[in-house]
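Subject: Structure handover

Hi,

Here is the structure I promised you. Please open it alongside this message; my notes on what turned up follow below.

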Amino acid sequence: QTKRTNAILSKLHDEIYIFDSVTLDVVYMNERALQRCEWSAEESATKRIVDTDENFHEMAFRAHVRPLFDGSKSSVVISVKQAKGYVEVHTSLLEQLDGTTVFVSILRDINDRMELDKAKMSSVSVVSHELRTPITSIKGSLQLLQAQTAGALNESSESMVAIALRNCDRLMFIVNDILDMEKIHSGKMEYDRQNHNLRALLEESLDVNKGYGDQHDVSFEYVASEDEAHAVCDRDRMI
């Protein structure tokens, strides 16, 4: 039965890694997994799972699989970039007949999926850039109209211009968010990380978002704490 199971696993397209949950010693790797690591089956028996990739971080892995031990999750998933490209790894915890437990990780190559996603994001980015110019132009015209006709328009017309301006701002926010997503996806996102006082950051966030909350009949309440708290972050993106 074991031989039959191993024969089936060895021919799967996905890579299979079975390793001890305590020592992380490799118990089994199928053919696809051995090919990635360029090991023989005999060599794999002397390895730990951390040896499968030079960027494997043991502490981060143990934190990643912690939910498997407390039962909060039956499996955990992560996408990472390895030397040979992007992979998606599904890991679960399996109890053996002798009571010991092993991790079973199924690794899938997702380079094709990442390339497709990249192409989609690139197309969306081009469209977003094209949208910025007309939105900026419309907003400028509305601002000019608002300034030149201040007091000349009736209340209803002034309200319509103000609403149109707010919607221009919303559209620009959406376009900028899409462009930011493209930057994050391509690894080109830039952050201005500095040490900030979180209390001051919260108070400022409430001030700048008050108008938006008022539009939707939402009020913000800040319950101050005497404790000091600081964070190294990008102030504008946090707000």
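Start at Thr52. A polar atom of its side chain sits 2.6 Å from the backbone oxygen of Ile49. Bear in mind that this is a predicted model. Thr52 belongs to the loop that runs between α3 (41-44) and α4. Is Thr52 buried or exposed? Its relative accessibility is 18%, so Thr52 counts as buried. Which residues does Thr52 touch, leaving aside its neighbours within four places in sequence? They are Tyr17, Cys37 and Trp39.

Next, the sheet. It is open and has five strands, in the order β2-β1-β5-β4-β3. The pairing is antiparallel. At the edges are β2 (26-29) and β3 (75-82), and each of these pairs on one side only. From one strand to the next, the twist averages 20°. Eight bridges join β3 to strand β4 (residues 85-95), again in the antiparallel sense. Within that pairing, look for Lys81, which stands opposite Tyr86 in β4. Helix α4 (residues 58-70) packs on the sheet. It touches β1, β3, β4 and β5. The direction of α4 makes about 165° with that of β3.

Now the aromatic rings. There are five aromatic pairs in the structure. One of them is Phe19 with Phe61: the ring centres are 5.8 Å apart and the planes lie at 50°, so this pair is tilted. Phe19 is in strand β1 and Phe61 in helix α4, so the pair ties together distant parts of the chain, 42 residues apart. Phe19 and Phe61 are both buried. Phe61 also pairs with Phe103. Here the geometry is edge-to-face, at 5.5 Å centre to centre and 85° between the planes. Phe103 lies in strand β5 and Phe61 in helix α4, so this pair too ties together parts 42 residues apart in sequence. Phe103 is buried, as is Phe61. Phe19, Phe61 and Phe103 belong to one aromatic cluster, together with Phe56 and Phe69.

Last, the charged pairs. Side chains of opposite charge can pair when their charged atoms come close. How many salt bridges does a search of the whole structure find? It finds eight. Among them is Glu15 with Arg36, at 2.7 Å from N to O. Glu15 is in strand β1 (residues 15-20) and Arg36 in helix α2 (residues 31-37), 21 residues apart. Both side chains' residues, Glu15 and Arg36, are buried. Arg36 also forms a salt bridge with Asp109, at 3.8 Å from N to O. That pair links helix α2 to strand β5 (residues 101-109), across 73 residues. Why does Arg36 count as buried? Its relative accessibility is 13%, and buried means under 20%. Asp109, with a relative accessible area of 41%, is partly exposed.

One more salt bridge deserves a line. The closest N and O atoms of Lys139 and Asp169 are 2.6 Å apart. Lys139 is in helix α5 (residues 111-148) and Asp169 in helix α6 (residues 155-186), so the bridge ties together parts 30 residues apart in sequence. Lys139 is partly exposed at 27% relative accessibility. Asp169 is partly exposed as well, with a relative accessible area of 28%.

Best wishes

Note on methods: Residues numbered from 1 in each chain as written. Predicted model: local features only at pLDDT ≥ 70, side-chain atom pairs only at ≥ 80, totals over all residues. Heavy atoms only, no water. Salt bridge = Lys/Arg side-chain N within 4 Å of Asp/Glu carboxyl O. Helix = DSSP H or I, 4+ residues; strand = E, 2+ residues; numbered from the N terminus. Buried < 20%, exposed > 50% of the residue type's maximum accessible area, 1.4 Å probe, protein only. Pairing = 2+ DSSP bridges. Axes fitted to C-alpha atoms, helices over the stretch in contact; angles between N-to-C directions. Contact = heavy atoms within 4.5 Å. Polar contact = N/O pair within 3.5 Å; in protein donor to acceptor, adjacent residues only side chain to side chain. Phe/Tyr/Trp six-rings, centres within 6.5 Å; stacked < 30°, edge-to-face > 60°.
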